[in-house]
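Me: I would like to go through some labels used for a protein model and ask what each one rests on. Please set the values against the cut-offs.

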Amino acid sequence: MENKDLLHQLRIDRGERDEHSRAPIWIGAIVLLLVAAGAGAWWLLPHAKAFEVEVATAAAAGSGADGPAAVLQATGYVTARRQATVSAQITGTLTQVLIEEGERVEAGQVLATLEDTAQKAALAQAQAGLRAAQAQLAQFQAQLAQSRRDLGRAEELAARKLVPAQAAEAARTQVDTQSAQLEAQRKQVEVADAGVRAAQVQLDYCTVRAPFSGVITAKAAQVGEIVSPLSAGGGFTRTGVGTIVDMDSLEIEVDVTESYINRVQPKQPAQAVLDAYPDWKIPAHVIAIIPSADRGKATVKVRVALEQKDPRLLPEMGVRVSFLEEAKPATTEVAPPKGALVPGSAIVRREGKDVVFAVDGERVRARTVTPGPSFGDLRAAEGVTAGERVVREPPVAMADGAKIEIKASGK
């Protein structure tokens, strides 16, 4: 009997057995959910937020052994020294817009016209007032001429004692009075003439003309819209008709780190290479060093003149400038640095490695590089190919695969 009780105690209940068999399944499901949640968080946290960044194009590293040597390299943008957003000088409704982007215009050419009904009416009224004043002037001139003849006869008769002396004095007073009236009327004619000129100016303001020759880079308004030289009416009023750029005034502006500015001098020869045309070397020279530093970026702005004009040159293009010195005889050939040239700020440390973040569509890819020698603001980086775009100053939180939004190029 005791043996049967022992056997009964050792027997596993079927419900308990099912419960124990289901436990590993629940544990496995929970582990999978945690792993999936962790992976999702890992993907979303660094990638969901789009980093707003500036990018630069990696440039080929040249040896500089032939010709003048580069003492400094810096990046910047092509800018127009002479450009203007043209607007009307009065508020009005556009009736014609005669420009399109890319069109060349000459100085004085009509770009747009405004509704001018009121101005034409004002001019007609001013011209009528001028004619009335001129007619009044002619009347006063005729009256004065008659009064002078009367004065002559009165003086002759008074001399012969045929009329009292008071008659001659009255005639003389009449002449003086009408002379003053005539002079006042001449001033009225001048006022009326000035009114006509003012009305004509207001009418001329209804025609928008090009202030100088150049190329239209932006068309900012359409027929039927209201334009005004002042910002009025919220989003319903345009402040400009279009933007004109004088392509002959294109130059380069670069930011040079202030610790290297002593290597740049006015009239110093230079060489410019556009990001869009890396094989085209444009001769240039320094125009001026702007006598002011940027406290936030610790840079000084330098203006560089382009010695060649070409239709490929466009405002706001990215450019790399090499500031040159006269070539010195060298006893040994210096090998060019390996890799490509990128902004020094593009190379950052991640997990003990030097990396750059290369642009891949809307995301970035961390690229391990071997930094080389510095050339001013630029630094050689082995592991980057010339022509690739890299992030200038990667944020600390940026990781491989992060989503980005590229800032518009600025000066």
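Me: How many bridges join strand E14 to E17, and in which sense do the two strands run?

Reply: This is a predicted model. In it, 7 bridges join E14 (residues 250-257) to E17, and the strands run antiparallel. Pairing needs at least two bridges, so E14 and E17 count as paired. One of the bridges links Thr257 to Thr299 of E17.

Me: What makes E16 and E17 a pair?

Reply: E16 (residues 281-294) and E17 share 7 bridges in the antiparallel sense. The cut-off is at least two, so these strands pair. Asp294 has Thr299 in E17 as its bridge partner. In the hairpin of E16 and E17, 4 residues lie between the strands, and Ala298 has a positive phi near 55°.

Me: Why is Trp280 called buried?

Reply: Its relative accessible area is 12%, and buried means under 20%, so Trp280 is buried.

Me: Why is Tyr277 called partly exposed?

Reply: Tyr277 has a relative accessible area of 31%, which falls between 20% and 50%, so the label is partly exposed.

Me: Why are Tyr277 and Trp280 called an aromatic pair, and what kind is it?

Reply: The structure holds 1 aromatic pair. Its ring centres, in Tyr277 and Trp280, are 6.1 Å apart, and the limit is 6.5 Å, so the rings pair. The planes are 80° apart, which is over 60, so the pair is edge-to-face.

Me: How do you know that Arg312 lies over the face of Trp280?

Reply: Arg312 is at 3.8 Å from the ring centre of Trp280, and the distance limit is 6 Å. The angle limit is 35 degrees from the ring normal. Arg312 also lies over the face of Tyr277, at 5.4 Å from the ring centre.

Terms used:
Residues are numbered from 1 along each chain as its sequence is written. This is a predicted model: local features need pLDDT of at least 70, side-chain atom pairs count only at pLDDT 80 or more; totals for chains, interfaces and linings use all residues. Side-chain values use heavy atoms; hydrogens and water are left out. Rings of Phe, Tyr and Trp (its six-membered ring) pair if their centres lie within 6.5 Å; planes under 30 degrees apart count as stacked, over 60 as edge-to-face and the rest as tilted. Buried means under 20% relative accessible area, exposed over 50%, partly exposed in between (1.4 Å probe, protein chains only).
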